[in-house]
Amino acid sequence: MKDTFNRKHILSIGFFVPLVATLVLIIVFILNTQKTVEENIIIENKELEVNTKIRFLSSWGGSDPYADTLSFVLQKFQEENPGVTIINESLFGDDFLIKLQTDFASGNPPDVFGLFPGSVRDILIQRNQIANLTETLKKDIKWYNSFYKNMWKYVTFNGKIYGVPLETIVECLFVNKDLFEKYNLQVPQTYDELIKICKILKSKGIIPIAFNAQPEGTYIYQNIIVSIGTKYDIENPLKRGRFTSPYIKALDYLKELYNAGAFPDNYYSLTSKQRNDLFLTKKAAMIVQGSWFIPKCDPRTVDIYFFPQINSTVKKHLIYGLGGGTFYISNQAWQDNSKRTWAIKLLKYLTSEKIARIFVERTGLISNVKINNPPNVKNPLRSKVEGLIKLADELIAPPDHFVDRMVWEEVITKNIPYYLQGKISSGLFWEKALKVWEENKKKLGE
């Protein structure tokens, strides 16, 4: 019995010892695993801390025709440059400019941003909030020479270069040609023809021109200004303390179109997207838009033309310049050595021949970057735009690039409905505009 007991006891101990050892090994493994996981977390967090983040802001967001391509390009940049993260905060339409100005005013500007030329950009430059890129560009001659020379003037301020221009734009008349064919109508070439066509379309239950009381809606007003004014008067909107005649007369022509039933009944409450959709869904026969609108259009049913000339004896004028695809670096980012390096690299990437080709082939963008081998452009409207540029007698930058932006948005744009409806006189309209402009000049210390 005793031998049996001892034998069983020894067997039990023999079984127990390996079991304990195994449990100890498992516990040690678990503890080591937890330690390894914790160490990995710390390492990953350290990597995130050293990873440079670049905030990017442009108007190429939301439903903008360039939004998808921009996202694709920024993602490619990140994949090719694992040391940086691009935070794309781009917004569509009029919301973009509000955010840009708010961010700068609050001391939290984007690191890299796209912005069309105009008073907003000029004010930021005067406040030393945009980096001077002159030396950077001049040191990289290959990069500098990769752009068409005639566009540098649009990004130069007081002899210094502040932006790099990828996108050239034009504004013109977009027409749903299938609607014109349906009612046997000819596309208007003159303003008088435009008035007649608008009345006919209105009688057919078709909105003649997609229009709204937002900054983008004023493209038609700008085209009227350009069709009746000289280049000098348009680019110098103030003369002897008052607006030059093209700006004043164009408002009267706009009112004549309104009285002819050219615009949607609810134009004053439409967003820019809703205005665009009226045209794209064939509820409106025409819209005045920019070349960036081409990707939204079906070339089988849409065509583009010069905006009808007010005076047939006047040369054909075309709105032409730089768009939102003009890129800048904020001075705040420039002061950060790491951000400056990445921001410059991003600008070079966005304006490289490779990326320019991607934008041209995917969207029809008019590139200010030279592309050696002709890109494969599928949309024929893109070629039509180039034809308009060649046929134009005079190329003029958008009028809203020369008028104080606050005046344009807060006074001119917002008061257009009141003027069209006869609730404010022309005299009071321009008196308000001048007052706000003068107040803004005083704030800037001019």
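The model is predicted, so local features need pLDDT of at least 70 and side-chain atom pairs count only at pLDDT 80 or more, while totals for chains, interfaces and linings use all residues. Residues are numbered from 1 along each chain as its sequence is written, and side-chain values use heavy atoms, with hydrogens and water left out.

**Helix packing**
- Helix α8 spans residues 191-203 and helix α11 spans residues 245-259; their axes come within 9 Å and cross at roughly 25 degrees. Axes are lines fitted to C-alpha atoms, for helices over the stretch in contact, with angles from 0 to 180 degrees between N-to-C directions.
- The two helices, α8 and α11, are therefore roughly parallel to each other (angles under 35 degrees).
- Tyr191, Leu194, Ile195 and Cys198 of α8 meet Tyr253, Glu256 and Leu257 of α11, where contact means heavy atoms within 4.5 Å.
- Helices are DSSP runs of H or I with at least four residues, and strands are runs of E with at least two, numbered from the N terminus.

**Cysteines**
- Zero disulfides are found in a search of the whole structure, a disulfide being a pair of cysteine sulfur atoms within 2.5 Å.
- For cysteine 172, the closest cysteine sulfur belongs to cysteine 297 at 9.5 Å, which is too far for a bond.
- Cysteine 172 is buried, at a relative accessible area of 0%. Cysteine 198 is also buried, at 0%. Buried means under 20% relative accessible area, exposed over 50% and partly exposed in between (1.4 Å probe, protein chains only).

**Positive phi outside glycine**
- Asparagine 184 has a phi near 55 degrees; this residue lies in the loop between α7 (177-182) and α8 and is exposed, with a relative accessible area of 68%.
- Lysine 282 has a phi of about 70 degrees; this residue sits in the loop between α12 (272-280) and β11 (284-290) and is partly exposed, at 24%.

**Aspartate 303**
- Aspartate 303 belongs to strand β12 (residues 302-305) and counts as buried at 16% relative accessibility.
- Its side chain makes polar contacts with the side chains of tyrosine 305 (3.3 Å) and lysine 384 (2.9 Å). A polar contact is a pair of N or O atoms within 3.5 Å; within protein, one must be able to donate a hydrogen and the other to accept it, and residues adjacent in sequence count only if both atoms are side-chain atoms.
- Not counting residues up to four places away in sequence, aspartate 303 touches Leu173, Phe174, Val175, Lys177, Leu381 and Lys384.

Definitions and conventions
Parallel < 35°, antiparallel > 145°, perpendicular 65-115°, else oblique.
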